[in-house]
Amino acid sequence: MPIYPYIALSFVLFLIGTVGVLARRNAIIVLMSIELQLNAGNLAFLAFARALGDVKGHVFAFFVIALAAAEAAVGLAILVGIFRTRQTVNLDELTLMKR
Amino acid sequence: MTINAEVVLFAVLALGAVVGALLTISRPNPVTAVMSLVGTFFALAGLYATLDAHFLTVLQILVYAGAIMVLFIFVVMILNREEVSLVSWKGFFIRALGAIAVGYVVVMSVQVVLYSRDTAVLHASTSNPPAGYGTVATVGASLFRDFVFPFEAISLLLMVAIVGGLILSRSHHQTEMAEERARHVDEIRHKAGPAVKLLPGGGRVVEGEDGDAEDASEDEHGHTAHAGH
């Protein structure tokens with residue numbers, strides 16, 4: 001089986017993640033969509049690594065997972081902090097840094 | 001493409017991943033969204049297994065479907081609020097930017113899937129992996145032989161994330177309590193004068209009764225203590 005279906009699936013997942021980031025207004029869902037995009041990237045990494053027979057792609061996927069863990073921890077801590085002071089996680093209402 | 005077990009497995013897992021992803025971005029209830037995302041991650045772990053990435057399959061389940069999603073569940077439980085507007089497209093700029101981004105990804109994916117799927121790399125067969133491919137041994141060897149410094153950088157990043165998460169999630173109430181405690185200790189110290197030494201736990205040692213304490217603080221206020229006797 002060739003790897004291009006994997007690449008196509010990776011594109012589809014990334015696209016769904018992009019739509020989620022741009023359209024949803026709940027900050028938690030936006031963070032989850034970012035996780036989805038990172039996973040789509042991981043799938044492409046692993047598919048190309050498999051096609052080339054090289055495990056360097058696996059190492060990069062490993063780094064991406066570590067990065068996603070750090071991002072989720074800090075991002076969710078920021079969300080909890082914002083919710084504590086503003087009582088909302090709706091991105092349309094969080095406009096303090098505008099202007 | 002002939003229909004065999006590999007193709008069927010890919011189709012089932014890919015369908016599961018896409019359906020889970022669509023549910024994730026379309027459900028108004030965040031708990032449902034998190035559960036759909038867990039399903040997507042399990043389907044992706046299965047796809048990693050079909051790509052002979054055994055180590056990454058286990059990591060995907062342990063770290064993503066386990067640790068990160070538990071974190072998301074916790075935060076959803078804390079911040080569970082009814083969502084007023086599911087989506088909103090305020091502002092021309094955001095709308096245009098979104099349309100351009102989505103259009104770009106669609107064009108690129110169509111280009112790859114339809115026009116360049118016969119390139120050598122994309123058409124490489126996944127039937128015969130090299131010996132030991134994707135196991136902990138080979139991935140670990142590559143990690144510690146070729147990518148030692150990026151690995152250390154990632155560990156530093158995780159360290160920073162731990163400290164940052166702790167500081168950000170520290171509540172205002174806790175900070176006030178700590179300040180109050182510090183003020184209280186200062187007050188006691190001020191009232192008691194230099195002859196009384198405070199222990200970290202809040203207990204007090206009066207100099208003169210404890211020989212060691214007197215020796216240790218001889219330089220600072222030993223004279224005052226003796227003058228009092």
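Buried means under 20% relative accessible area, exposed over 50%, and partly exposed in between, with a 1.4 Å probe and protein chains only. This is a predicted model, in which local features need pLDDT of at least 70, side-chain atom pairs count only at pLDDT 80 or more, and totals for chains, interfaces and linings use all residues. Residues are numbered from 1 along each chain as its sequence is written, chains are lettered from A and ligands numbered from 1 in the order in which they are written, and side-chain values use heavy atoms, with hydrogens and water left out.

**View 1. Chain A, a chain of 3 helices and 0 strands.** Helices (H or I, at least four residues) and strands (E, at least two) are DSSP runs, numbered from the N terminus. The elements of chain A run α-α-α from the N terminus on. The radius of gyration of chain A is 17 Å, well over the 13 Å that the globule rule gives for 99 residues, so chain A is more spread out than a compact globule. That radius is taken over C-alpha atoms, and the rule is 2.2 Å times the number of residues to the power 0.38. Along the principal axes, the C-alpha atoms of chain A fill a box of roughly 50 × 25 × 20 Å. Of its 99 residues, 63% are buried. Contact means heavy atoms within 4.5 Å. Among contacts in chain A with a separation of 6 or more, 52% join residues 24 or more positions apart.

View 2. The C-alpha atoms of A:I3 and A:R50 are separated by 8.2 Å, although the two residues are 47 apart along the chain. Phi of A:Q87 is near 60°, a positive value in a residue other than glycine.

**View 3. Chain B, with 9 helices and 2 strands.** From the N terminus on, the elements of chain B run α-α-α-α-α-α-α-β-β-α-α. Chain B has 229 residues, and 31% of them count as buried. Among contacts in chain B between residues at least 6 apart in sequence, 45% join residues at least 24 apart.

**View 4. The largest nonpolar core, with 70 residues.** A nonpolar core is a set of buried Ala, Val, Leu, Ile, Met, Phe, Trp, Tyr and Cys residues joined through side-chain atoms within 4.5 Å. In the largest one, A:Y6 and B:F72 touch the most other members. Two or more residues each come from α1 (4-23), α2 and α3 of chain A, and from α1 (5-26), α2, α3 and α5 of chain B. The most come from α2(A), which gives 13 residues. Not counting residues up to four places away in sequence, A:Y6 touches A:M1, A:L43, A:A47, B:F10, B:L47, B:T50 and B:L51.

**View 5. B:T50 and B:D52, two buried residues.** B:T50 lies in helix α2 of chain B. Its relative accessible area is 16%, so B:T50 is buried. Leaving out residues up to four places away in sequence, B:T50 touches A:Y6, B:L9 and B:L13. B:D52 is in the loop between α2 and α3 of chain B. B:D52 counts as buried at 16% relative accessibility. Phi of B:D52 is positive, about 60°, although B:D52 is not a glycine.

**View 6. Helix α3 of chain B, bent at B:M69.** The bend is about 35°. It is the angle between axes fitted to the seven residues ending there and the seven starting there. The 25 residues of α3(B) should span 36 Å at 1.5 Å a residue, and the end C-alpha atoms are 35 Å apart, which agrees. The expected span is 1.5 Å times one less than the number of residues. Buried residues of α3(B) include B:F55, B:L59, B:Y64, B:I68, B:M69 and B:F72. The buried residues pack against α2 (27-52) and α3 of chain A, together with α2 (30-50) and α5 of chain B. B:T57, also in α3(B), counts as buried at 12% relative accessibility. B:T57 touches B:A45, B:Y48 and B:A49, not counting residues up to four places away in sequence.

**View 7. Helix α5 of chain B, residues 136-146.** The buried residues of α5(B) are B:V139, B:G140, B:S142 and B:L143. They cover an arc of only 160° around the axis, which puts them on the same side of α5(B). The arc is that of the directions from the helix axis to the C-beta atoms. The face turned away from this buried side carries the exposed residues B:A137, B:F144 and B:R145. The buried residues of α5(B) pack against α3 (56-86) of chain A, together with α3 (54-78) and α6 (148-169) of chain B.
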